[in-house]
Amino acid sequence: MGERFENVPNHVAIIMDGNGRWAKKRLMPRTMGHKAGVDTIKKLAIHASKMGIKILTLYAFSTENWGRPQEEVAYLMNLPKIFFKEFLPQLMEYNIKLETIGDIQKLPQKTLEIVEETKLATAQNTGMILNFAINYGAHEEIITAVKSIAESVQQGEISPNEIDQDLMSRRLMTGYLGEWAEPDLMIRTSGELRLSNFLLWQLAYSEFYFTDVLFPDFKEYDFDQAIRSYNQRQRRYGKV
């Protein structure tokens with residue numbers, strides 16, 4: 001079962017960084033780093049589920065990642081076909097529900113199909129939500145939400161005075177997560193100290209944990225380290 005924590009966060013978000021550097025250190029192509037990263041995702045998802053975490057959001061592919069070399073993008077787009085087919089039995093075994101945020105309609109057809117099939121297969125699962133951010137960018141998410149609110153005002157459904165934080169939160173891609181939409185803890189691997197256009201609205205009062213460990217090397221023990229650090233924090237939300 002692993003270590004027991006007094007305070008288990010409801011929602012953990014991870015910027016999975018360092019796959020390419022992991023491969024480079026081993027004189028392998030970058031794609032092998034992504035393959036190793038997928039193995040880490042499987043272990044972390046099961047571990048987080050057993051721990052009692054309700055939502056695990058993983059930054060899998062950003063709107064900016066299309067600018068990577070064509071061969072790497074093609075490999076990344078092929079990964080879900082392998083990953084979800086292999087991992088579906090365990091998703092069912094651990095009662096994990098798959099969800100996504102991001103504009104998945106722009107994914108290649110075969111990739112989109114396997115993502116949608118897995119979401120459908122796990123739709124009745126009532127345990128942890130494994131939430132992949134795919135073709136996701138926070139700027140785009142916020143603009144989309146603002147456009148949606150503007151249309152509601154234009155249609156006369158709401159007045160400008162009714163626009164508040166709750167409304168904005170509901171219109172964001174994470175709106176379906178309700179009270180757990182905002183991560184309690186954000187983890188970034190590989191030593192980079194930036195958010196990279198990830199959940200900019202939702203992370204306003206989240207605790208941040210940065211580690212130099214490259215994502216393929218980020219084991220259950222390292223995840224526990226982050227949760228241990230979270231347990232030592234006092235969250236004030238801007239108050240004393």
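User: How many residues of β4 are buried?
Analyst: 8 of its 8 residues are buried, so β4 is largely enclosed by the rest of the structure. Keep in mind that this is a predicted model.

User: Which way do β2 and β4 run, and how many bridges join them?
Analyst: They run parallel, joined by 7 bridges. I55 stands opposite I129 in β4.

User: And how many bridges for β3 and β4?
Analyst: There are 5, again in the parallel sense. E99 in β3 has N131 of β4 as its bridge partner. From β3 the chain goes through α4 to reach β4, a β-α-β crossover that is left-handed.

User: Back to E99. Buried or exposed?
Analyst: Buried. Its relative accessibility is 16%, and the cut-off for buried is under 20%.

User: What is E99 in contact with, beyond its sequence neighbours within four places?
Analyst: K119, I129, L130, N131, F132 and Y176.

User: Switching to α3. How many residues, and what does it span?
Analyst: α3 covers residues 70-93, so 24 residues by the DSSP run. First C-alpha to last is 36 Å, close to the 34 Å expected.

User: Where is the kink in it?
Analyst: At F87, shortly before the proline P89. The angle is about 45°. Just after α3, N95 takes a positive phi of about 60°.

User: Which residues of α3 are buried?
Analyst: E72, V73, L76, M77, L79, P80, F83, F84, F87 and L91.

User: Now the largest nonpolar core. Which residues touch the most other members?
Analyst: V12, I14, L56, L130, F132, I187 and F223, out of 43 residues in that core. Elements giving two or more residues are β1, α2, β2, α3, α4, β4, β5 and α7. α3 gives the most, with 8 residues.

User: Is there a second core, or what else is there? Which residues does it include?
Analyst: A second, separate core has 11 residues, including Y59, Y136, M186 and L203.

User: Last one: what does I14 contact, leaving aside neighbours within four places in sequence?
Analyst: L44, L56, T57, L58, Y59, I187, F198, F215 and F223.

Note on methods:
Residues are numbered from 1 along each chain as its sequence is written. This is a predicted model: local features need pLDDT of at least 70, side-chain atom pairs count only at pLDDT 80 or more; totals for chains, interfaces and linings use all residues. Side-chain values use heavy atoms; hydrogens and water are left out. Helices (H or I, at least four residues) and strands (E, at least two) are DSSP runs, numbered from the N terminus. The expected span of a helix is 1.5 Å times one less than its number of residues. The bend at a residue is the angle between axes fitted to the seven residues ending there and the seven starting there. Buried means under 20% relative accessible area, exposed over 50%, partly exposed in between (1.4 Å probe, protein chains only). A nonpolar core is a set of buried Ala, Val, Leu, Ile, Met, Phe, Trp, Tyr and Cys residues joined through side-chain atoms within 4.5 Å. Contact means heavy atoms within 4.5 Å. Two strands pair if DSSP finds at least two bridges between them. A crossover is right-handed if, with the strands pointing away from the viewer, the path from the first strand over the helix to the second runs clockwise.
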